[in-house]
Structure formats: C-alpha cells, structure tokens
Amino acid sequence: MAEEYDEEFGELGLVIGDLNIPSRASDLPPQFKDLLVPNKVQYVFCTGNVGNRETTDWLKTLSGNTHFVKGDFDEAKDIPETKIIQIGAWKLALVHGHQIIPAGDDESLYTFLKEMEADVLITGYTGVAKVSAVEKKYIINPGSVTGGFNGQQSSIPSFLILEFKKEKIQVFIYTLDGDVKIDKQELPLQK
C-alpha cells in the first residue's frame, strides 16, 4: 500500500512572492512561517519583490532548488526578469508581472505565456492569489505572502504549493483570513 502512495505523490514546489520585507511588512505571518520550513518542498518559485537579503537567504534555505525573478522594487542586479523551468512534462515561465500591461489581465498574461512557449505562467504583482485556465494553459499567482501589497491597500496573505504529477498539477492555495485556509485546484496537462 505504501508503494502505491509513494508513486502517486509528486514533487512539491512553493510559489511565493510580493513579500516586501521590511518596507511594507515586518515578516511573514507566524502561521505561515511555521508551515514553511526547510526540506519540505523540492522547489521554490519566487515572483519577486522580496525586500531584503535576509529574506532571500531564508527562502534559499527552504529548498536547494530556488528560482527568483526580479520584481519592480528589487534592486539586485543578478536576478533575471523572466525564467523558464522544466519539471517533468511541465514547462513553467516565471515573471513578476509588472511588465504585463494591464496588470493582472488574463488576456495580456496569456499572450506573454504563449511568447514564452510554456504550459504555466507563474506571476505576481497584483497581491491577489489566483489560478486561471486559458486555452489549455494556466496562469497562477501566489498573491502576497505578507499581505503587504502596496502603500494604499493590503491584501489577504497567501502562497501556493504545487504538487507536480505526470499528467496534472495539484495547486494548494493557502490564505490567512483569521485562520489558515487551504483550497485545492487541479490542472490537467493539456498538450
């Protein structure tokens, strides 16, 4: 029985972004910090706007396989604007999203996704967690893990866990609205 479960269980990836530490938030909510510990995920995908070196270093402790893109407030010169990551049959494109006009628009994001020739676009910038399917492709946004979205408003803190399987990705959306809530969506591979 255990072997069947192990075969069914896929690799895990943390999707996180728009932390904005310390400019808009002092740290992650403690409820999230307790969940995000080293060696629980195989990948970390960060959509940018981390905020400081200490937070970047902490994110790198969560997995030996971390991927960052540059947000509109990131100052580091060595972080790329976009990144492509292949995991099994899945081709992922990673971008912060401030480059997409209008911000968060599914049609504009889909056009960018097609240009990147990927199956999944991981983007941030809007501060709102969202999973969309467009023309056999997927657009996912982890929102802001701290809720420190921008100077005018805050958002519900959120992040995503992706479970990669051969023919699908299970997306677990973690939000903190009083208590930690977890919603689940399934993204079937469509070539």
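A charge sits over a ring if NZ of Lys or CZ of Arg is within 6 Å of the ring centre and within 35 degrees of the ring normal. Here, Lys 33 lies over the face of Trp 58, 4.8 Å from the ring centre.

This is a predicted model, where local features need pLDDT of at least 70, side-chain atom pairs count only at pLDDT 80 or more, and totals for chains, interfaces and linings use all residues. Residues are numbered from 1 along each chain as its sequence is written, and side-chain values use heavy atoms, with hydrogens and water left out.

Now the ring pairs. Rings of Phe, Tyr and Trp (its six-membered ring) pair if their centres lie within 6.5 Å; planes under 30 degrees apart count as stacked, over 60 as edge-to-face, and the rest as tilted. The structure holds six aromatic pairs. One of them is Phe 32 with Phe 159, edge-to-face, at 4.8 Å centre to centre and 85 degrees between the planes. Phe 32 lies in helix H2 (residues 30–35) and Phe 159 in strand E9 (residues 158–164), so this pair ties together parts 127 residues apart in sequence. Helices (H or I, at least four residues) and strands (E, at least two) are DSSP runs, numbered from the N terminus.

Phe 32 is buried at 0%, and Phe 159 is buried at 1%.

Next, Tyr 43 and Phe 164: their ring centres are 6.2 Å apart and their planes at 75 degrees, so the pair is edge-to-face. Tyr 43 and Phe 164 are both buried.

Last, Phe 32, Phe 159 and Tyr 174 form one aromatic cluster.

Terms used. Buried means under 20% relative accessible area, exposed over 50%, partly exposed in between (1.4 Å probe, protein chains only).
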